[in-house]
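This briefing concerns the structure shown below.

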Amino acid sequence: MEEELISIKNSAIPLILDAKEEKELEELKLQFLGRNGKLTLALKKITKVPPEKRKEFGMLANEVKEALEEAILNQAKTLKGSVKEKIREKIDVTNPGIKPPLGHLHLVTQAIDEITDIFEKIGFERVRYPEVEWDWYSFEALNFPKNHPARDDWETFFIKEEVHPKYGPMILTPHTSSGQIREMQRRKPPIRMLNIAKTYRRQSDISHVPMFHQFEGLVIDKDIAITHLKGTLDYFVKSFFGENRKSRIRPYHFQFTEPSFEVDVSCGVCNGKGCKVCKSGWLELGGAGMVHPNVLKAGGIDPQEYTGFAFGFGPERCMMMKEGLELDDLRLIYSNKLEFLEQF
Amino acid sequence: MDIKILDSWLRDFLKTKANPEKIGEILSATSVSVDRIEKSGDDYIYDIEVTTNRPDLASVTGIAREAAAALNQHGINASYEEPRLKTPETPKDKLIEITSDPKLVNRLLAVAMKVEVGDSSKETRERIERSGTRSLNNVIDVTNYVMKEIGHPTHVFDLDRLNTKTLTVREAKSGETIETLDNKKYVLRGGEIVAVDDNGRIVDLLGIMGLENSVVTEKTKRILYFINTNEPTRIRKASMSLGIRTEAAVLNEKNIDSELAYKALLLGIELFEKNAKGKLISEITDIYPNKVKEKTVSVRLSRINKLIGIEIEPQKALKALKDLGFEAKLLKESIEVVVPSFRLGDIEIEEDLIEEIARLQGYENLPNILPPQTKVVAHRFADGFYWEKRVKQAFKYWGFTEVYTYSFVSTELFEGPLEEAVEINNPLNEEFVYMRKTLVPSLLKVVSDNKEQETIKIFEIANVYHKRKGDLPQELLTLAGVVKKEKANFYEVKGLIEQLLTDLGIKDLEFKSSDKTGIGASLYVGKEYLGEIEILDNNLIDFELNFELILKNASLKKIFKPLSKFPPIVEDLSFNISKSIETKSVIDEIKSKSKLITEVELMDQYDNSRTFHIVYQDPEKNLTTEEVSQIREKIISDLKEKFGASLK
């Protein structure tokens with residue numbers, strides 16, 4: 001009887017130590033320790049052992065059982081270690097990953113998204129108005145004199161279409177400012193408009209393309225002053241270009257604002273000290289001003305009751321003025337060279 | 001307009017201890033933009049950009065006055081000294097009878113002089129050359145010197161080459177020809193301002209450039225000094241259409257002050273006498289039909305403070321206006337000014353005066369304040385811009401690159417009959433003539449422009465333009481894309497659009513065989529036409545969708561369906577069905593068999609065999625195999641009857 005137990009142990013242990021897979025180990029466990037396993041069956045023979053030897057037999061049986069269980073457990077641990085080892089052998093972490101597809105948004109879209117986000121935070125509402133527009137919205141109502149150079153066909157695109165008795169010729173709007181009048185017609189003050197749209201001018205060179213974008217801010221309320229325009233511009237400059245950048249306004253001239261300003265941003269390269277990239281530490285951002293009373297009147301708003309400010313910049317230019325993006329030719333943005341677009 | 005001003009010349013009229021750097025800094029902050037200050041010998045040159053509304057600043061004296069006013073407002077002592085000019089004694093002779101036209105010329109001045117042509121003095125030469133003009137001889141140099149100092153263009157004829165008793169100013173006729181003093185020939189379009197002699201010969205293109213036939217030469221003995229303030233629009237038209245952009249033309253097209261013309265005359269006479277031994281030999285002709293009218297404007301003190309946003313001292317405002325050349329009076333609640341002749345063009349209303357006051361005291365001193373929100377306005381979250389951004393993001397993460405192509409296209413790229421096109425009357429070139437009605441041709445051009453790339457996935461969201469009678473064109477936001485790759489797969493593009501619309505909450509999307517000429521699918525949302533997927537060849541597929549329709553149907557609305565308590569039964573059935581039968585009609589047929597069928601999908605297709613994945617589920621109880629088997633039998637028999645399909 002005891003010999004049988006010993007021989008089970010002796011035959012099981014090498015098999016356990018030889019097991020190469022977890023599954024094999026499971027089978028061995030079943031074969032020896034399962035309900036119909038060899039050891040289980042051998043133990044059932046205890047009834048045939050003389051009573052005085054039963055205690056001894058029982059102790060031996062337990063010893064064998066524990067030995068097998070321990071061997072299986074140890075072998076299982078060993079096997080687990082070797083599976084991990086195999087995975088480790090298969091992986092080269094420096095091999096390339098399998099990537100999900102990733103495309104590219106155009107730089108102009110990226111600029112527009114940022115600009116929209118910045119102005120929405122201070123209550124501006126984004127709108128979009130016609131690109132093909134009447135002269136009246138783009139010039140006449142914006143206080144442009146009849147003979148202003150912008151209204152002649154060297155600078156503005158005209159559409160082959162009959163001249164409207166009230167609104168004049170049909171054109172491609174050269175600025176988003178036409179949206180000022182559209183917005184005033186759409187709603188009563190207070191107004192906080194952000195109009196981002198395509199605009200068109202008859203020009204093409206290193207810093208001009210015939211189609212580009214503008215974003216136009218318009219704020220009209222009871223006590224809007226130059227200080228509010230300055231605050232808004234400074235907020236934008238710090239949000240878009242970085243908190244260390246400064247803004248300033250300088251006198252300029254536009255037909256539809258009075259006073260009118262040119263807006264500058266301190267140069268990101270030299271931090272305002274003056275360098276090759278900038279003129280004496282500042283980069284021009286675009287135009288701004290207090291809405292001209294004639295423009296408010298054209299939009300049906302009483303200039304004695306309300307005042308306002310407006311600004312119009314190019315998202316392309318803003319993007320080009322960002323650190324690291326100093327593009328030397330604006331035309332590249334609209335060249336649709338994928339090699340260019342896929343950089344961003 | 002960019003000009004160069006010499007510091008030493010400026011200081012003839014600007015008395016101050018401020019150094020050039022300070023002058024430049026303050027001018028930039030308060031007036032014109034000083035782009036650069038360049039050292040030249042022991043002198044300095046200011047590079048200045050003058051805005052179109054201030055032609056009075058395109059001169060040494062103009063800048064001197066402006067600088068003095070600005071320096072004073074910044075606590076730096078400065079004063080402006082007007083040039084002292086005297087009206088000379090002249091002989092009574094009239095050598096040429098001049099006839100002008102008040103429609104063309106606001107003021108015309110002329111006087112004849114005897115001169116000796118030679119070199120200019122070193123000082124004169126240096127001054128004009130450092131200010132960006134080439135020195136030619138002592139007579140021509142005077143005209144340029146006067147323009148720089150006073151800001152009004154002037155001209156000299158050789159009186160003997162002119163050789164005429166009369167000079168008549170008139171409109172040019174179309175087809176007349178001229179040769180300018182730089183020996184270039186031009187054909188006039190008509191409407192230019194010219195002067196003709198006794199014989200009708202054109203001897204001057206007024207306000208723009210002198211002509212070869214009457215220009216001063218080394219041999220000149222007698223000159224006619226000729227100054228005219230012209231109608232600016234005609235000058236601009238003529239200068240732009242002829243392509244002659246002289247300094248004189250650029251100034252004359254900006255409505256310059258006709259009072260300056262007389263100062264220019266006096267300074268010129270003085271300089272001819274001094275530099276070219278000039279002697280007056282005729283009386284002064286002054287034809288001045290369009291005299292400037294005096295204008296009074298007033299500004300309320302309360303309005304000044306309201307618009308600037310801080311309190312401005314009335315005395316300081318008054319001083320600013322006086323220094324700028326306004327006759328200004330401080331009244332109880334306002335300041336009243338008489339506008340000087342050189343500012344008549346740009347000072348009309350009280351806001352114009354507020355600008356003068358505000359800019360001179362300096363914008364840098366004003367605080368930065370965000371405008372107060374005076375009314376509660378709801379934030380529109382899911383507006384068109386929101387969806388546009390979401391769609392663009394989706395395409396980006398599906399591997400597409402966004403492009404921006406031009407809205408105007410060439411004849412070749414325009415799709416549709418040309419008479420339906422919104423056409424540009426004055427295109428920049430033949431690439432940009434028609435406002436496009438479709439986006440795909442522009443995208444295909446991008447594909448062909450990037451030949452070296454084997455795989456291309458691009459998209460664009462932009463307007464297309466549909467002509468409307470008597471109204472602005474309809475601008476329709478459109479989404480288009482192109483996929484180029486080896487064996488481009490229709491179903492990948494279809495799946496992309498399906499997923500896109502699912503993400504936007506649009507449910508009833510339908511695909512039908514395209515009734516357009518190409519191969520592909522027509523897409524519908526409900527009954528409304530959404531657009532096309534078009535298979536161009538094995539490697540090229542495009543799509544174009546009406547984005548406005550997508551915006552109309554996009555929704556964030558969420559509806560909760562209770563989670564099912566009872567498990568579904570799922571099975572796959574394979575049929576032999578003729579290829580001519582569309583999958584959609586088979587799926588619709590299967591679905592119509594029972595309400596307990598919750599989902600039917602095509603799993604697999606091979607030759608005539610199609611495998612459908614069918615899900616049965618009852619929300620109320622566990623389904624039995626008998627129930628499912630009854631439905632299955634009905635599917636099999638009906639598909640056989642309807643489509644001749646047999647279960648595999």
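In chain B, three strands form an open sheet in the order 22-24-23, with antiparallel pairing; strands are DSSP runs of E with at least two residues, helices are runs of H or I with at least four, and both are numbered from the N terminus. Two strands count as paired if DSSP finds at least two bridges between them. Strand 22 (408-409) and strand 23 (422-423) of chain B are at the edges with a single partner strand each, so one side of each has no neighbour in the sheet.

The model is predicted: local features need pLDDT of at least 70 and side-chain atom pairs pLDDT 80 or more, while totals for chains, interfaces and linings use all residues. Residues are numbered from 1 along each chain as its sequence is written, and chains are lettered from A and ligands numbered from 1 in the order in which they are written.

**Pairing in the chain B sheet**
- Strand 23 and strand 24 (residues 434-435) of chain B run antiparallel and are joined by 2 bridges.
- Within strand 24 of chain B, B:Tyr434 is the residue opposite B:Glu423.

**Overall form of chain A**
- Chain A contains 11 helices and 9 strands.
- Chain A is more spread out than a compact globule, because its radius of gyration is 41 Å, well over the 20 Å from the globule rule for 344 residues (taken over C-alpha atoms; the rule is 2.2 Å times the number of residues to the power 0.38).
- The C-alpha trace of chain A spans about 125 × 50 × 45 Å along its principal axes.

**Domains of chain A**
- Domain 1 (2-90) and domain 2 (107-341) are assigned in chain A, with bounds from an automatic or database domain assignment.
- The centres of these domains of chain A, taken over C-alpha atoms, are 84 Å apart.
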